[in-house]
Amino acid sequence: MRVLVVQNFDNEGLGQIGAALVEAGADIDLRRPYCGETLPQDSDAHDAMVVLGGAQNALDDEICPYFPGLLDLTRDFADKDRAVLGICLGSQLVARAFGGENRIGGASEFGWHKVSLTPAAKADPVLGALPEKFPIFEWHDDTFVLPENAVRLAGNDVAENQAFRIGRAVYGFQFHFEADRPMVRDWSRSFAPLIAERHPDWSDRLDDEMARNGPDADAVGLAIARAWVATI
């Protein structure tokens, strides 16, 4: 199993997705196109692709000139029935790739928030075994309108479209299910000045928020990661 991982920003790692891929014995091919590394022309050398998050928005082609090629690559994976997973910015790019409307701003969430599954999620191979409502880590300002052929799987009051599927195994997740407690603590240190600008009390709240939400969120995140890897 060879999995292409597209990193879009420094310190945006695989987290629990990486743990699930290691369990499955996957060969991970990490590319950082924001640093000038090239992306494959097509999906032929890979069985699946993961597109991670970032501080950019999904329409930032000027800042990220590789975005149009990444959209083409996403469609190629889908056309060949190969699994795709988009996280946060990655989910917004997956939505864009299939004709969804990206909405920049107006949907800000940070920290652990509750997400609810839709009725369609009950029959979904990745989300079907999860509780109907759970806390999960969020960090985003943007959202999107689903592509016409997408199945809506989860949402909340801030972002109606928190998870969706296209076809058999193309998934987009607005929330950061890969971010377990160690990753959130690392982000809280690494991005401390950025976080403090908008959430000055985060460092004081972190331990309590983590104790209250972390165990359930971590369990759900690892379950999602393992279930998605099983679709490859």
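Colleague: How many aromatic pairs does a search of the whole structure find?

Modeller: The search finds 17 of them, where a pair means rings of Phe, Tyr or Trp (its six-membered ring) with centres within 6.5 Å. Please keep in mind that this is a predicted model, in which local features need pLDDT of at least 70, side-chain atom pairs count only at pLDDT 80 or more, and totals for chains, interfaces and linings use all residues. Residues are numbered from 1 along each chain as its sequence is written, and side-chain values use heavy atoms, leaving out hydrogens and water.

Colleague: Why is the pair of Trp139 and Phe191 called edge-to-face?

Modeller: Planes under 30 degrees apart count as stacked, over 60 as edge-to-face and the rest as tilted. The planes of Trp139 and Phe191 stand at 80 degrees, with the ring centres 5.6 Å apart, so the pair is edge-to-face. The two residues are 52 residues apart in the chain: Trp139 is in strand β7 (residues 133-140), and Phe191 is in the loop between α4 (181-190) and α5 (192-198). Helices (H or I, at least four residues) and strands (E, at least two) are DSSP runs, numbered from the N terminus. Both aromatic residues also belong to one cluster, whose members include Phe9, Phe110 and Trp202.

Colleague: What makes Phe191 buried or exposed?

Modeller: Buried means under 20% relative accessible area, exposed over 50%, and partly exposed in between (1.4 Å probe, protein chains only). Phe191 has 14%, so Phe191 counts as buried. Trp139 has 22%, so Trp139 is partly exposed.

Colleague: And why is Asn11 called partly exposed?

Modeller: Its relative accessibility is 33%, therefore Asn11 counts as partly exposed. Asn11 sits in the loop between β1 (2-6) and α1 (16-23), and has a positive phi of about 70 degrees although it is not a glycine.

Colleague: How do you know how α2 and α3 are oriented to each other?

Modeller: Helix α2 (residues 67-79) and helix α3 (residues 89-97) pack at an angle of about 75 degrees, with axes 9 Å apart. Axes are lines fitted to C-alpha atoms, for helices over the stretch in contact, and angles run from 0 to 180 degrees between N-to-C directions. Angles under 35 degrees count as roughly parallel, over 145 as roughly antiparallel, 65 to 115 as roughly perpendicular and the rest as oblique. The two helices α2 and α3 are therefore roughly perpendicular to each other.
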